[in-house]
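Colleague: Could you walk me through how to read the packing in a model like this one? I would like to begin with the aromatic rings.

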Amino acid sequence: MKRVTTTTTTDLWHHFGRTRATIDRTVPAAFYWAWSQASGPGPDVLGDLTGLCVGDLGAGAARHAAHLATRHQPARVDAVDASPAQNTMATDLFGHLAPRLRIVPSDVVDHLRSMPGTYDVLYSVFGAIDFTEPRELLPAAAAALRPGGRLVFSTLAHYLSGAPAQPDVVHADIPAKTPTGETTTMRRWVLQEHVWTKLLDEAGFTDIDVDVLSATTDGPRTAGTQLVTAVRQAT
Ligand SMILES: C[S@@+](CC[C@H](N)C(=O)[O-])C[C@H]1O[C@@H](n2cnc3c(N)ncnc32)[C@H](O)[C@@H]1O
């Protein structure tokens, strides 16, 4: 059954990255996991992508996916996103990188459920994994990976306010804006390391590792990052 998401009615990602898209149309020279997007581990964490089928979960304007598609020789990178605004931006910026880069307008859970055993690598950079019920998304990701496939994602180590991450599977309602500027909220899962580890284990992942990357810059937009890696169990 198709999932009903808020993005099907109101696109709460309409404003995200909009200014940058007007001034920076280049494929990024680097790929970072950290919240600062300025330093730290890069795509090596994904392993050798040559000839592999890769999926970006909540790709936004597809800047990370474009970097991988142009510099790491995958067979294909699917940049999956539910936001019409983000998909329009991604198509405008990087549509020319098809067929190696494929913009996939879809809720990630719907998409993953329709692609069993397809992907070698799935990843998310503060993407859909932060904003989707993890007890739905993580089993769907496991099923969409081939046995032995990798899931890698970066997620907040704590709330942007500095408050600690949740010790249980509990979301927060965080501020968001509709396309016309009205204030609303959206769900964000900011979970402690042991919570992600348990969820991944229950979803069918093994070799789970959580690396905490400290905030590297000062200011209101600084935050620590959890860089999570896991392998789909062989069946
Ligand atoms: C903070 S943005 C990050 C975008 C991109 N990864 C980046 O680093 O620029 C989060 C993105 O996740 C997408 N997203 C959230 N939940 C999703 C879902 N269930 N299915 C598809 N996309 C989703 C949003 O539409 C948004 O583009």
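**Rings, core and sheet**

Modeller: The structure holds seven aromatic pairs. Rings of Phe, Tyr and Trp (its six-membered ring) pair if their centres lie within 6.5 Å; planes under 30 degrees apart count as stacked, over 60 as edge-to-face and the rest as tilted. This is a predicted model, where local features need pLDDT of at least 70 and side-chain atom pairs count only at pLDDT 80 or more, while totals for chains, interfaces and linings use all residues. Residues are numbered from 1 along each chain as its sequence is written, and side-chain values use heavy atoms, leaving out hydrogens and water.

Colleague: What describes a pair of aromatic rings?

Modeller: The distance of the centres and the angle of the planes. Here, Phe31 and Trp33 form an edge-to-face pair, with 4.9 Å centre to centre and 65° between the planes. Elsewhere, ring pairs link Trp13, Phe16 and Phe131 into a cluster.

Colleague: Are Phe31 and Trp33 buried or exposed?

Modeller: Buried means under 20% relative accessible area, exposed over 50%, and partly exposed in between, using a 1.4 Å probe and protein chains only. Phe31 has a relative accessible area of 2% and Trp33 one of 0%, so both are buried.

Colleague: Which residues have the most contacts inside the largest nonpolar core?

Modeller: A nonpolar core is a set of buried Ala, Val, Leu, Ile, Met, Phe, Trp, Tyr and Cys residues joined through side-chain atoms within 4.5 Å. The largest has 43 residues, and Trp33, Leu46, Val77, Leu101 and Tyr123 have the most contacts inside it. A second, separate core of 32 residues includes Val104, Ala140, Trp189 and Leu199.

Colleague: What is Leu46 in contact with?

Modeller: Contact means heavy atoms within 4.5 Å. Leaving aside neighbours within four places in sequence, Leu46 touches Phe31, Trp33, Leu68, Val121, Tyr123, Arg150 and Val152.

Colleague: And what is the strand order in the open sheet?

Modeller: Helices (H or I, at least four residues) and strands (E, at least two) are DSSP runs, numbered from the N terminus; two strands pair if DSSP finds at least two bridges between them. The seven strands run β3-β2-β1-β4-β5-β9-β8, with mixed pairing. At the edges, β3 and β8 (205-213) each pair on one side only.

Colleague: How many bridges join β4 to β5?

Modeller: Six, and these strands run parallel. Tyr123 has Val152 in β5 as its bridge partner, and both residues are among the contacts of Leu46.
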